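Open the model in your viewer and get your selection tool ready. We will take a short walk through it together, one stop at a time.

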Amino acid sequence: MADETQFVHGVVCWSELAVRDIARAQKFYADALGWRFDAMPMPDMTYWIIMSGEARVGGMFEMAGPQFEGVPEHWLTYIAVDDIDARLRKAVDAGAKICKDAFDIPGVGRMAVLAEPGGAVVAWMTPKPM
């Protein structure tokens with residue numbers, strides 16, 4: 001992820017692409033935008049850091065498994081928040097629906113996925129201090 005100084009409450013801090021065919025997606029973005037991809041092995045998958053030159057501009061993973069059944073390929077925007085648990089309560093009070101409750105990502109932070117009242121899906125994250 002980006003430098004800690006970029007994690008300001010309410011600011012977009014990450015973008016992530018979820019796809020069914022990682023090779024196809026990587027070829028498309030490499031050919032069209034010149035991106036390259038650095039593998040980051042995880043316990044149950046490989047997460048790919050998207051690089052534009054020397055800048056880390058996002059992440060990419062292949063949706064595999066029953067939890068992704070019926071989920072279309074998509075980009076997900078992450079917004080940094082100061083306290084994910086408190087902000088989720090405020091979001092629900094303001095009309096949001098929780099799609100995936102808050103959970104910890106070791107070494108990264110705590111995040112959740114929600115749908116705002118109009119239905120747009122977004123991720124909120126309290127990044128772990130670096």
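Which residues does Gly58 touch, not counting residues up to four places away in sequence? Select Gly58 and look around: Trp14, Ser15, Trp48, Ile49 and Ile50 are there. Here, contact means heavy atoms within 4.5 Å.

A word about the model before we move on. This is a predicted model, in which local features need pLDDT of at least 70 and side-chain atom pairs count only at pLDDT 80 or more, while totals for chains, interfaces and linings use all residues. Residues are numbered from 1 along each chain as its sequence is written, and side-chain values use heavy atoms, with hydrogens and water left out.

**Stop 1: stay with Gly58.** Gly58 is part of strand 4, residues 55-62. Buried or exposed? Gly58 is buried, with a relative accessible area of 0% (buried means under 20%, exposed over 50%, and partly exposed in between, using a 1.4 Å probe and protein chains only).

**Stop 2: the whole chain.** Switch to a cartoon view. Of the 130 residues in the protein chain, 35% count as buried. The C-alpha atoms fill a box of roughly 45 × 35 × 30 Å along the principal axes.

**Stop 3: the largest nonpolar core.** Select Cys13, Trp14, Phe61, Tyr78, Met111 and Ala123, the residues with the most contacts inside this core of 17 residues. A nonpolar core is a set of buried Ala, Val, Leu, Ile, Met, Phe, Trp, Tyr and Cys residues joined through side-chain atoms within 4.5 Å. Colour the elements that give two or more residues to the core: strand 1 (12-19), strand 3 (46-52), strand 5 (74-80), strand 7 (109-115) and strand 8 (121-127).

**Stop 4: Tyr78.** Zoom in on Tyr78. Leaving aside neighbours within four places in sequence, Tyr78 is in contact with Val11, Val12, Cys13, Trp14, Glu16, Met111, Ala123 and Met125.

**Stop 5: a second core.** Finally, select Val81, Leu88, Ala96 and Leu114, which are among the 10 residues of a second, separate core.

Key
Helices (H or I, at least four residues) and strands (E, at least two) are DSSP runs, numbered from the N terminus.
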